[in-house]
Amino acid sequence: MNQLFKTLSQETFFEQYWQRRPYLFRQALPDFSDYLTPEELAGLALEEEVDSRLITRESNGAWSLQHGPLEPSIFSQLSESDWTLLVQSVDSLLPDTAQLLQHFSFIPGWRLDDIMVSYATPGGGVGPHIDQYDVFLVQGSGQRRWQVGTPQHDYEFRYPHPEIKQIAPFQALIDEVLQPGDVLYVPPNTPHDGVAVTPCMTYSVGFRAPSEALLVQQLLSNLAAQADHQSNLYQDQSLSGASTQALPPSALSWAKNALAGITDRQLISAFGEIVTEPKMEFEPEPIQSAESITALLAKLEQGKLEAPLSFHLAANCRFTYFQHEAQLLVFINGKVYEFSITYAEPIKKLLENRNYCIENVNISLQDIEFVNRIANLIKDGWVFFKH
Ligand code: SIN
Ligand code: CO
């Protein structure tokens, strides 16, 4: 049976803990060593495009918060305790940190949000709070006391600072000091409070779940972009000259009809697009030049490719796929690509294994339609080839 972190079977974790109860995996990653130093984390917080926060508990009990980019001089003014620095999306900023994600591959990649890294000095933390999402808190260097309660839905919120949302003290189900390599799973809406015992690093592997509001927003924006604004206009059904300012019942039927046409394809596209939308905006850079793609296509067309050919997925891809009728819809970083299900085997292999070798699949590279569709992924920077 597949054991998670050599401690708990995957089955037990998903049946009893995932999205239900917190769980502490002691020594889940026994050889864990930090991906970055506190100084490197502080360096990231100086940068303009980086989302960072410095939270301090003052000696009079007040809390203060400063958003990045921080001034370098701020660090020399800090005491040796009671503050924490938190930086979002470190997996995108320092791709080495993304290696940590390999330990969480039991959750689909499209559910991932980001890795937030924090450095806290003794007494430092963000205070008792809840998050809406699942998170695995990986303890890096140092020790931290974590108290975690049971999930609830009615919390009394407190704002010791306008931007710090905390909750009232809660009863702890888990109250432990974490050591390097320990991993604490915290489900959504679960009270938790981590206070550094010694200077310490915490890696929060956070998962996201789309909200209905986000789905509706994406769906409507897609529909509006595709709509023909000149046709399907409302037509009067019941004007009789007896004028009233009220909307007629036909307005509701017309509106219902207008939305009844939403297809499964439109719904799944909106879903796939939002869940693969990258957390940090970035311009994809094609890994291979337009010339090298053209040269590859020419060789393929002439049947002149001598070496084995393999395709690989770029490291920065957030992706998923969905088979709908005769199509495989592939979502990569918020964009949809359509493939005929004839190509489902190689495309699924590419996505599930992050690469595939052309010799191992049942597709001829003389198939120009397939090659052109793969070429689109290469041009957009999501795929590269080796031969
Ligand atoms: C942290 O302080 O590193 C984690 C914050 C949290 O509990 O969300
Ligand atoms: Co939290």
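By class, how many nonpolar, polar and charged residues does the lining of the largest cavity have? The legends below refer to a predicted model, and the first of them gives the answer.

**View 1. Lining of the largest cavity.** The lining has eleven nonpolar residues, no polar residues and no charged residues. Searching the whole structure turns up one cavity of 30 Å³ or more. The volume of the largest cavity is about 50 Å³. Of the eleven residues that line the largest cavity, L296, L300, F311, V371 and I374 lie nearest its centre.

**View 2. Helices α7 and α9 at the largest cavity.** At least two lining residues come from each of α7 (290-301) and α9 (368-379). Helix α9 provides five residues, the largest share of the lining.

**View 3. Ligand 1 and the residues around it.** Around ligand 1 are L86, M116, S118, H129, D131, R144, W146, H192, T202 and S204. Sorted by class, this shell contains three nonpolar, five polar and two charged residues. Strands β7 (112-120), β9 (144-148) and β15 (200-207) each contribute at least two residues to the shell.

**View 4. Polar side-chain atoms at ligand 1.** R144 has a polar side-chain atom 3.1 Å from an oxygen atom of ligand 1. For H192, a polar side-chain atom is likewise placed 3.1 Å from an oxygen atom of ligand 1. In the side chain of D131, an N or O atom is 3.4 Å from an oxygen atom of ligand 1. Ligand 1 taken alone exposes 260 Å², and the protein buries 93% of that area.

**View 5. The largest pocket.** This pocket holds about 1100 Å³ of space. Its lining consists of 35 residues, and L101, L112, A315, C317 and R354 are those nearest the pocket centre. How does the lining divide by class into nonpolar, polar and charged residues? It comprises 18 nonpolar, nine polar and eight charged residues.

**View 6. Secondary structure at the largest pocket.** Two helices, α3 (90-93) and α8 (344-353), each supply at least two residues of the lining. Strands β7 and β17 (319-324) also supply at least two residues each. Strand β7 (112-120) likewise supplies at least two residues of the shell around ligand 1.

Conventions:
Residues are numbered from 1 along each chain as its sequence is written. Chains are lettered from A and ligands numbered from 1 in the order in which they are written. This is a predicted model: local features need pLDDT of at least 70, side-chain atom pairs count only at pLDDT 80 or more; totals for chains, interfaces and linings use all residues. Side-chain values use heavy atoms; hydrogens and water are left out. On a 1 Å grid over the protein atoms alone, a cavity is a set of points where a 1.4 Å probe fits but cannot get out, and a pocket is an open set with protein on both sides within 12 Å along at least five of seven lines; lining residues have an atom within 4 Å of a point. Grid points are joined across faces, edges and corners, and a volume is the space filled by probe spheres set on the points. Helices (H or I, at least four residues) and strands (E, at least two) are DSSP runs, numbered from the N terminus. Ala, Val, Leu, Ile, Met, Phe, Trp, Tyr, Cys and Pro count as nonpolar, Asp, Glu, Lys and Arg as charged, and the others, Gly among them, as polar. A residue is near a molecule or strand if one of its heavy atoms lies within 4 Å of it. A polar contact is a pair of N or O atoms within 3.5 Å; within protein, one must be able to donate a hydrogen and the other to accept it, and residues adjacent in sequence count only if both atoms are side-chain atoms. Accessible areas come from the Shrake-Rupley method with a 1.4 Å probe; for residues, only the protein chains shown count as cover.
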